[in-house]
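User: I am new to this structure and would like to know the grounds for each label put on it. Please set the values against the cut-offs as we go.

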Amino acid sequence: SSDMLGCGFFKLWLTGRFDDMGYERPEFDADQGANAVKEAGGTIEMHHGSHTEKVVYINLVANKTLEPNENDQRFIVDGWVA
């Protein structure tokens, strides 16, 4: 959906902006990715309005989810779910 493509990180990944870093493009669209996260027990947080991520965290600590900090914007992926 257009809302999900509003996620700057996913949009860049989907459109190949990380190709030169060796990250293959996903074989799923934004809605399929969101559904997989939900089926695994995760949640999707939608941030509306203008914001800029300062940091991308790939969290590998099992069963731990870091809380977003609106005063120090960060994008968090719970990699342990995969």
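Analyst: Rings of Phe, Tyr and Trp pair if their centres lie within 6.5 Å, with the six-membered ring used for Trp. A search of the whole structure, which is a predicted model, finds one aromatic pair. Tryptophan 13 and phenylalanine 28 form this pair.

User: What makes the pair of tryptophan 13 and phenylalanine 28 edge-to-face?

Analyst: The angle between the planes decides that label: planes over 60 degrees apart count as edge-to-face. For tryptophan 13 and phenylalanine 28 the angle is 80°, and the centres are 5.8 Å apart. The distance lies within 6.5 Å and the angle is over 60 degrees, so the rings pair and the pair is edge-to-face.

User: Where in the chain do the two residues of the pair lie?

Analyst: Tryptophan 13 is in helix α2 (residues 8–14), and phenylalanine 28 is in the loop between α2 and α3 (30–39). They are 15 residues apart, and the pair links distant parts of the chain.

User: Why is tryptophan 13 called partly exposed?

Analyst: Buried means under 20% relative accessible area and exposed means over 50%, with partly exposed in between. Tryptophan 13 has 23% relative accessibility, so it counts as partly exposed. Phenylalanine 28 is at 33%, so it is also partly exposed.

User: How many helices and strands does the protein chain have?

Analyst: The protein chain has three helices and two strands. Along the sequence the pattern is α-α-α-β-β. Of its 82 residues, 13% count as buried.

User: Where is confidence lowest and where is it highest in the protein chain?

Analyst: Helix α1 (residues 2–5) has the lowest confidence, at a mean of 56, and α3 has the highest, at 84. The mean pLDDT of the protein chain is 75, and 71% of its residues reach 70 or more.

User: Which residues of α3 are buried?

Analyst: Ala30, Gly33 and Ala34 are buried in α3. They cover an arc of only 100° around the axis, so they are on the same side of α3.

User: What caps the N-terminal end of α3?

Analyst: Aspartate 29 does, with a side-chain oxygen 3.1 Å from the backbone nitrogen of aspartate 31. A polar contact needs N or O atoms within 3.5 Å, and the 3.1 Å of this pair is within that cut-off. Just after α3, glycine 41 takes a positive phi of about 95°.

User: Why is asparagine 59 called buried?

Analyst: Asparagine 59 has 7% relative accessibility, and buried means under 20%, so asparagine 59 counts as buried. This residue is found in strand β1 (residues 55–59).

User: What does the side chain of asparagine 59 reach?

Analyst: The side chain of asparagine 59 reaches the backbone nitrogen of valine 61 at 3.0 Å and the backbone oxygen of lysine 64 at 2.5 Å. Leaving out residues up to four places away in sequence, asparagine 59 touches Lys64, Thr65, Leu66, Val77, Asp78, Gly79 and Trp80.

User: What is the phi of asparagine 63, and is the residue buried or exposed?

Analyst: Asparagine 63 has a positive phi of about 60° although it is not a glycine. Most residues other than glycine have a negative phi. Its relative accessible area is 69%, which is over 50%, so asparagine 63 is exposed. Asparagine 63 has its place in the loop between β1 and β2 (74–78).

User: Which residues is isoleucine 76 in contact with?

Analyst: Isoleucine 76 lies in strand β2. Leaving aside neighbours within four places in sequence, isoleucine 76 is in contact with Tyr57, Leu66, Glu67 and Pro68. Contact means heavy atoms within 4.5 Å.

User: Why is proline 68 called partly exposed?

Analyst: Proline 68 is at 32% relative accessibility, between the 20% and 50% cut-offs, so it counts as partly exposed. Proline 68 is found in the loop between β1 and β2. Its C-alpha atom and that of glutamate 45 are separated by 9.6 Å, and the two residues are 23 residues apart along the chain.

User: How do you know that glycine 42 is partly exposed?

Analyst: Glycine 42 has a relative accessible area of 29%, which again falls between 20% and 50%, so the label is partly exposed. The place of glycine 42 is in the loop between α3 and β1.

Terms used:
Residues numbered from 1 in each chain as written. Heavy atoms only, no water. Helix = DSSP H or I, 4+ residues; strand = E, 2+ residues; numbered from the N terminus. Buried < 20%, exposed > 50% of the residue type's maximum accessible area, 1.4 Å probe, protein only. Phe/Tyr/Trp six-rings, centres within 6.5 Å; stacked < 30°, edge-to-face > 60°. pLDDT = per-residue confidence, 0-100. Arc of directions from axis to C-beta. Polar contact = N/O pair within 3.5 Å; in protein donor to acceptor, adjacent residues only side chain to side chain.
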